[in-house]
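Please find below a short note, arranged as numbered points. It is intended to be read alongside the sequence and the structure.

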Amino acid sequence: MKRLIELTVNGELHELAVEPQATLLDVLREQLGLTGTKEGCGTGECGSCTVLLAGRPVLSCLVLAMECQGQEVTTIEGLSVDGRLTPVQQAFQDRGAVQCGFCTPGMVLAATALLTENPRPSEAEIKKGLEGNLCRCTGYNKIIEAVKLAAESFNQK
Amino acid sequence: MHLPKFDYERLTSAEEAGRLLGRYGGDARLVAGGTDLFPRMKYGLLRPRVILDMKGLSVKSPEVNGDGNLRLGAMTSLAGLARDPLVREKAPLLAEAALGVGSVQVRERATLGGNICLETRCLYYNQSHTFQFTQACFKRGGDLCYLVPGGKKCLAVFCADTVPALISLGASIGIGGPGGVRRILLEKFYTGDAVQPLAISPTELVTEVIIPARPRIGGEAFAKFSVRGGVEFAAVTAAVALRMESDGATCSAAVITVGAVSPAPRRARKAEEALQGKRLSPELFGESARIAAGEISPLPHHGFSAPYLRECLEVQIRRALEAVAKRVRS
């Protein structure tokens with residue numbers, strides 16, 4: 001049976017009627033049309049569906065929408081402000097850290113969460129921070145370079 | 001991939017959990033982080049009628065009580081454990097093991113209680129059965145094994161990373177149920193039966209974990225072997241805790257716990273005895289690891305053969321012992 005929940009997505013409050021079995025991913029993509037969040041494996045192995053829930057990275061394919069009642073969600077659509085990219089997004093663009101692009105939203109959000117917690121990560125810490133995000137084009141070198149570049153611009157501010 | 005249909009109840013207290021578990025019995029499933037349960041539901045391995053969401057229960061912060069024991073709430077997230085300064089100080093072995101689980105995203109949701117109550121796993125069981133393996137295996141209530149054709153029982157293995165660490169630290173758990181809270185040694189919580197791996201009834205839930213104070217002189221180390229090194233269940237885990245004599249060089253007591261190679265975590269008791277009363281040395285570590293690999297027979301799992309796992313086990317235990325020695329010296 002559907003129930004009403006309140007969800008703040010990218011700063012905007014939504015009241016939504018959701019089925020118990022709807023995941024946060026289902027609701028973001030199908031009810032709110034935020035298709036930037038991708039479904040890869042659907043079972044928590046690939047990280048494509050990463051979003052920030054209360055500022056923390058989670059797999060939206062393994063979180064029920066109902067569990068998020070009253071919480072704040074940030075998706076890839078919510079990062080840039082007035083078309084201005086965040087340092088992480090800009091660094092991914094500058095370093096060409098995008099191939100097919102399917103893993104990119106999850107990568108960017110996982111990298112954002114990593115740099116928020118640890119603004120000066122070592123390469124090993126970057127790899128550990130992105131361990132849950134698979135890139136099937138295997139473009140990992142550029143992605144790691146992009147996170148390093150983003151860390152530099154984070155720290156210059 | 002979609003979840004099957006179910007009803008949803010958000011729990012607000014342990015009492016309510018007990019009441020609802022009593023009402024729904026086997027039709028209900030408790031969910032904490034959901035990182036183990038939801039994939040299995042998506043694969044169609046189980047279809048609970050009701051999901052009882054524990055995320056509404058209060059999360060107790062780690063605390064040290066009067067007798068020096070570290071108390072942890074079962075709802076603490078693995079990421080929270082690994083970050084917590086008190087846990088890192090009082091039980092660094094647990095923080096290290098927690099960091100080995102899944103990925104950043106998984107650890108944010110997954111809880112300590114959930115890891116303790118992890119289902120046993122098998123290459124065949126943990127996948128979709130929509131169009132293959134239509135005949136149910138032991139784990140799904142049938143009477144055959146796909147892993148070992150002709151096998152007489154289920155050979156799924158218990159892969160939780162935090163559990164060998166907790167057992168090596170001598171942890172016990174609190175289990176809440178209709179008759180109040182009972183406390184048991186974590187080691188006694190595992191039945192060794194891969195189909196029903198946990199000694200808990202459907203109306204009970206794990207509420208807390210208690211870890212005794214660390215010895216004044218001693219050290220611990222955790223080793224996890226997996227192929228990719230991330231987002232992967234272990235092929236072998238080893239958690240070692242040594243208590244030292246006041247000279248700082250002689251081992252007075254050792255606990256070695258091995259995970260992921262059997263339906264329950266295993267103690268390497270003969271290898272522990274081999275360490276007792278001896279001065280630490282590379283030769284002693286080599287011998288103790290050999291004894292451990294001799295006394296524990298790993299089950300083949302996830303594509304790893306038993307002889308291969310036996311060798312892995314020896315190497316991981318030896319490395320863990322060497323790491324402890326380094327920590328004790330410093």
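Predicted model: local features only at pLDDT ≥ 70, side-chain atom pairs only at ≥ 80, totals over all residues.

**The contact between the chains, and chain B**

1. The contact draws on 21 residues from chain A and 25 residues from chain B. On the side of chain A that touches chain B, strand β4 (residues 56-59) of chain A contributes the most, with 4 residues.

2. The overall dimensions of chain B deserve attention. For 330 residues, a compact globule would have a radius of gyration near 20 Å, and the value for chain B, 20 Å, agrees with this. Along the principal axes, the C-alpha atoms of chain B occupy a box of roughly 60 × 50 × 35 Å.

3. The interior of chain B may be considered next. Of its 330 residues, 50% are buried. Among the contacts in chain B with a separation of 6 or more, 66% are between residues 24 or more positions apart.

4. The secondary structure of chain B consists of 11 helices and 12 strands. Chain B contains an open sheet of 5 strands, paired antiparallel, in the order β4-β5-β8-β6-β7. Why is one side of β4 (63-64) and of β7 (180-185) of chain B left without a neighbour in the sheet? Both strands stand at the edges, and each has a single partner strand, so one side of each remains without a neighbour.

5. One pairing in this sheet can be followed to individual residues. β4(B) is joined by 2 bridges to strand β5 (residues 70-73) of chain B, and the two run antiparallel. Glu63(B) lies opposite Arg71(B) in β5(B).

Methods. Residues numbered from 1 in each chain as written. Chains lettered and ligands numbered in written order. Contact = placed C-beta atoms within 7 Å. Pairing = 2+ DSSP bridges. Rg over C-alpha atoms; globule rule 2.2 N^0.38 Å. Buried ≥ 20, exposed ≤ 12 C-beta atoms within 10 Å, placed from the backbone.
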